[in-house]
Amino acid sequence: MKLNLAVLPGDGVGPEIITEAIKVLQSVGEVYGHNLNLQYGLIGGIAIDEQGTALSPETLKMCRESEAVLLGAVGGPKWDDPSAKIRPEDGLLGIRKSLGLFANLRPVKVFPELVDATNLKPQVIKGVDFIFIRELTGGLYFGQPKKRWQTADGWQAVDTMTYSEKEIERIMRVGFELARRRKKKLVSVDKANVLETSRLWRQVAEAVAADYPDVALEHMLVDACAMRLIQNPGHLDVVVTENTFGDILTDEASMLAGSLGMLPSASLAGVPQENTRIFGLYEPSHGSAPRRAGLNIINPIATILSAAFMLRYSFCLAAEAQAIEDAVAKMLREDYRTYDIMSEGKKEVGTKEMGDLVVARLRG
Ligand code: IPM
Ligand code: MN
């Protein structure tokens, strides 16, 4: 198969982790007989420097002409001025919205080898394996009005939380479809005791549930969910929520896995269904970590696992995706660690070495 990919390394550690993920994809291609057609583009701070905008029409066109996008990370202190007109993050928000990437999948899986690498008690996090589905193109991030104005009493500002029935329905379907393929349990997170958008969210969830009688739907308030994540994360399997709640809860959830450096993500433009290829953008859940850039220390696993996600959802190459995930697990079992997941008695390696170790295990 020919895989037409847009590759956007971005800023900070982005280029380093992308190099490793591409190395892994190339070797999957060699082993399974696929050809990678890679088009590189700019996004974020580097795009501001070189093209005067965080997401240029050229980059967007290149992404539209590809079958999937692999992204590193954006942002850094150089572009952090709060009064700046354009910010690297605009590139990320712009690409999500322009490409219709409404479903953000963020799995949280605790590898048994890393149970001791977290701050939580092993008995709480052992076996934790759930997936967050965060609505990505609606809510407070994009709602209008969104502005700041001067009043007699000083400045005032507004952001708008808005959701349509259609926006809720499609993200709910992603939740139910994934739940159906896992433990047939879906938790829908909202704040229906306070917010009107959440009351609509709940109503639509109930309506969509009628199409999935085999899946048990549970509603959970967002504050309770924040607590549950720490108290009893083993209860969760598939969790669906709106944009802002999902942003906050997924950072919290990432700490269960020991390091943000372990967590991949997929942002999809459709509802995943068996044997259907979906356009998507794949990136690690972590940011550009500017202080770690260029040191060959950053953990490339989140990006490598994102590449596996890409094979699964955008190309329906389940065996190839599994091969990457198995190679990563094997390497961890053999005690190789980057600094962020290092513990006593393990073997510390750098970014490149970790990529090479995964490749070697893939080639078997
Ligand atoms: C994320 C990030 C982004 C978000 C930022 C960088 C705009 O925190 O992907 O979670 O808030 O969505
Ligand atoms: Mn975030």
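Since the model is predicted, local features need pLDDT of at least 70 and side-chain atom pairs count only at pLDDT 80 or more, while totals for chains, interfaces and linings use all residues. Residues are numbered from 1 along each chain as its sequence is written, and side-chain values use heavy atoms, with hydrogens and water left out.

Let's start with the overall layout. The domain assignment, automatic or from a database, gives domain 1 as 1-105 + 272-364 and domain 2 as 118-257. Taken over C-alpha atoms, their centres are 24 Å apart. At the interface, 12 residues of domain 1 are in contact (heavy atoms within 4.5 Å) with 15 residues of domain 2.

The size of an interface is often given as the accessible area lost when the parts come together. Here the buried area (accessible area with a 1.4 Å probe that two parts lose on being put together, summed over both) is about 1,500 Å², and carbon and sulfur atoms give 65% of it. Of what domain 1 buries against domain 2, Phe102, Asn104 and Pro272 supply 43%, more than any other three residues.

Which side chains meet in a salt bridge? Those of Glu274 and Arg181 do, at 3.8 Å, N to O; the rule asks for a side-chain nitrogen of Lys or Arg within 4 Å of a carboxyl oxygen of Asp or Glu. Across the interface of the two domains, that rule finds 1 salt bridge. On the side of domain 1 that touches domain 2, H4 and strand S4 (103-109) are the elements giving two or more residues. Elements here are DSSP runs numbered from the N terminus: helices are H or I, at least four residues, and strands are E, at least two.

Finally, find Val189 in strand S8 (residues 185-190). Is Val189 buried or exposed? Val189 counts as buried because its relative accessibility is 1%. Beyond its neighbours within four places in sequence, Val189 is in contact with residues including Trp201, Met220, Val239 and Phe245.

Note on methods: Chains are lettered from A and ligands numbered from 1 in the order in which they are written. Buried means under 20% relative accessible area, exposed over 50%, partly exposed in between (1.4 Å probe, protein chains only).
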